[in-house]
Amino acid sequence: MFNSSWREVKIGSLGSVLTGKTPPTAKQHYFGRDYPFITPTDIDGIKREVKTERFLSESGKEYLGNLLLPPNTVCFVCIGATIGKMCMTDQPSITNQQVNSIIVDEENFDPRFVYYALRYATPRVINVSSGAATTKFD
C-alpha cells in the first residue's frame, strides 16, 4: 500500500531517459578498458550491481556521443526474453540498444528508490509490453 502523500509520475518525469547503442564491432579501437559496456547478458536480474564482460575505449565513448551514463543510473532491459532485468551503474557506463536507462534527477528523486519502485512495477511493464518488439519509457 502506498503512502497517501506519494504521487504518481511518468518514468520520463524522473530524469533523462536514454536508449543505448552498440558501436560497430568491426572497429576494434572502440573497445578497450575505459567504460563498462552493459548488455542484458551482464545483468543477472537479482543484484543491483552489474559486472560487464566488455568495455569501451575513449574513442568508443566519443563515437556514441551523449550516451555515457553517470553512476546511479537505473538500467532496464526493454527487449527480448530478458525484458525487465535491471541494474544500476556504479561508475560511468554505456549500454547497448536493448537497454533503456533513467538518469535520475537526484535533486527531486532518489535513484535507489526509483530502482526499487521500477523493480516492483516490472510485472506491469512486462504485461503492457507483451506482443511489442520493444518497450520505450516516456
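User: Cys75 first: buried or exposed?
Analyst: Buried. In this predicted model, Cys75 has 0% relative accessibility, so it counts as buried.

User: And Cys87, buried or exposed?
Analyst: Also buried: Cys87 comes out at 0% relative accessibility.

User: What does Cys75 touch, leaving out residues up to four places away in sequence?
Analyst: Its contacts are Ile38, Leu69, Lys85, Met86, Cys87, Thr89, Thr95, Val99, Asn100 and Ser101.

User: Which residues touch the most other members of the largest nonpolar core?
Analyst: Cys75 and Cys87 are both in that group, together with Ile38, Ile43, Leu56 and Ile94. The core has 17 residues.

User: Which elements give two or more residues to this core?
Analyst: Those are β2, residues 31-38, and β4, residues 74-77. The most comes from β2, which gives four residues.

User: What other core lies apart from it?
Analyst: One of 13 residues, including Leu14, Val74, Phe76 and Met88.

User: OK, sheets. In what order do the four strands of the open sheet come?
Analyst: The order is β1-β7-β4-β5, and the pairing is antiparallel.

User: Which are the edge strands?
Analyst: β1, residues 15-19, and β5; each of them pairs on one side only. On average, neighbouring strands in this sheet are turned by 20 degrees against each other, ignoring direction.

User: How many bridges join β4 to β7?
Analyst: Four, with the two strands running antiparallel; β7 covers residues 99-104.

User: What stands opposite Val74 in β7?
Analyst: Ile102 does. Val74 is also one of the residues in the 13-residue core.

User: Changing topic: where is Ala81?
Analyst: Ala81 sits in the loop between β4 and β5, where β5 is residues 86-88. Its relative accessible area is 86%, so Ala81 is exposed.

User: How far apart are Ala81 and Pro40 in sequence and in space?
Analyst: They are 41 residues apart in sequence and 9.9 Å apart in space, going C-alpha to C-alpha.

User: What about Tyr115 and Tyr116, what sort of pair do they form?
Analyst: Edge-to-face as well: their centres are 4.8 Å apart, with 90 degrees between the planes.

User: And which of those two tyrosines is buried?
Analyst: Tyr115 counts as buried because its relative accessibility is 1%. Tyr116 is at 46%, so it counts as partly exposed.

Terms used. Residues are numbered from 1 along each chain as its sequence is written. This is a predicted model: local features need pLDDT of at least 70, side-chain atom pairs count only at pLDDT 80 or more; totals for chains, interfaces and linings use all residues. Side-chain values use heavy atoms; hydrogens and water are left out. Rings of Phe, Tyr and Trp (its six-membered ring) pair if their centres lie within 6.5 Å; planes under 30 degrees apart count as stacked, over 60 as edge-to-face and the rest as tilted. Buried means under 20% relative accessible area, exposed over 50%, partly exposed in between (1.4 Å probe, protein chains only). A nonpolar core is a set of buried Ala, Val, Leu, Ile, Met, Phe, Trp, Tyr and Cys residues joined through side-chain atoms within 4.5 Å. Contact means heavy atoms within 4.5 Å. Two strands pair if DSSP finds at least two bridges between them. Axes are lines fitted to C-alpha atoms, for helices over the stretch in contact, and angles run from 0 to 180 degrees between N-to-C directions.
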